[in-house]
Amino acid sequence: DDLRALVETQHFAALGAIDATTLSSERARAMEYYLGNVTRDIPSEDGKSSAVSMDVTDTVEGLMPQLMEIFCGTDDVVQFDPVGPEDVEAAQQETDYTNHVFMNRNPGFLVLYSMIKDALLQKVGIVKVWWEKRERIERETYTDKTDDEFALIASQPDIQIVEHTEKDSTEYPGMKVHDIVVEQTKDYSCAQ
């Protein structure tokens, strides 16, 4: 049984390799045709025309606007449907956010264009999506803050005070005011 399982595994691996080699060859040929290189099928001969019909290129480029219209022809590339009446607002918010991330924070149109063109030429269109962690430290400066305002700013859990100066108020004699510089780490992580 072990030997049989091993032989079957190797057999399927060999078939997969044959299919991969065939697919790889078909992809190379499709790219050659797209670029107008047909010398594999029609070798060039001296004294004969070297003009090449660009049918594959014309077909692919002719299909691209129509296919892009299907995927990008509306405001919403992605749409979430509510399951029940209580989900309508959440589904609309998810739709708006996902479309904003895909089309505005990322080059969504170019991603779709490349994927569709690869699918036409290479028989597969792949898009890689990942979550990229990004944090940015932002600085803010506050001047002439009262004791209460200073206490409110200092009590924020995500704020770090990096500079603090206490001085006499020019507006209210006998009162102290605070000049402070704070840093806050903000999370800008998003899908890429």
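Visitor: Which residues does L121 touch, not counting residues up to four places away in sequence?

Guide: L121 touches A30, M31, Y34 and V60 when residues up to four places away in sequence are not counted, and contact here means heavy atoms within 4.5 Å. This is a predicted model, in which local features need pLDDT of at least 70 and side-chain atom pairs count only at pLDDT 80 or more, while totals for chains, interfaces and linings use all residues. Residues are numbered from 1 along each chain as its sequence is written, and side-chain values use heavy atoms, with hydrogens and water left out.

Visitor: OK, and which residues make up the largest nonpolar core?

Guide: The largest nonpolar core has eight residues, namely Y34, V60, M64, M68, C72, L112, I116 and L121. A nonpolar core is a set of buried Ala, Val, Leu, Ile, Met, Phe, Trp, Tyr and Cys residues joined through side-chain atoms within 4.5 Å. Buried means under 20% relative accessible area, exposed means over 50%, and partly exposed lies in between, with a 1.4 Å probe and protein chains only.

Visitor: Which elements give two or more residues to this core?

Guide: Those elements are α2 (55–72) and α4, and α2 gives the most, with four residues. Helices (H or I, at least four residues) and strands (E, at least two) are DSSP runs, numbered from the N terminus. Apart from this core lies another, of five residues, among them F150, I153, I159 and V182.

Visitor: C72 is a cysteine, so how many disulfides are there?

Guide: The count comes to zero disulfides, a disulfide being a pair of cysteine sulfur atoms within 2.5 Å. The sulfur of C72 has its closest cysteine sulfur in C190, 19 Å away, which is too far for a bond.

Visitor: Are those two cysteines, C72 and C190, buried or exposed?

Guide: C72 counts as buried at 18% relative accessibility, and C190 counts as buried at 1%.

Visitor: Changing topic, how many salt bridges does the structure hold?

Guide: The structure holds eleven salt bridges, where a salt bridge is a side-chain nitrogen of Lys or Arg within 4 Å of a carboxyl oxygen of Asp or Glu. One of them joins the side chains of E26 and K123, at 2.5 Å from N to O.

Visitor: Where in the chain do E26 and K123 sit?

Guide: They link distant parts of the chain, 97 residues apart, with E26 in helix α1 (residues 2–34) and K123 in the loop between α4 (108–122) and β1 (131–132). E26 is partly exposed at 35% relative accessibility, whereas K123 is exposed, with a relative accessible area of 53%.

Visitor: And what does E32 pair with?

Guide: The side chain of E32 meets that of R40 in a salt bridge of 3.1 Å, N to O. E32 counts as partly exposed at 22% relative accessibility, and R40 is partly exposed as well, with a relative accessible area of 40%.

Visitor: What about D168, which residue does it form a salt bridge with?

Guide: D168 forms one with K176, and the closest N and O atoms are 2.8 Å apart. Salt bridges that share partners also join D144, K167 and D179 into one network.

Visitor: Last one: where is N99 found, and what does it touch?

Guide: N99 is found in helix α3 (residues 88–105), and at 6% relative accessibility N99 counts as buried. Not counting residues up to four places away in sequence, N99 touches D75, D76, V77, V78 and N104.
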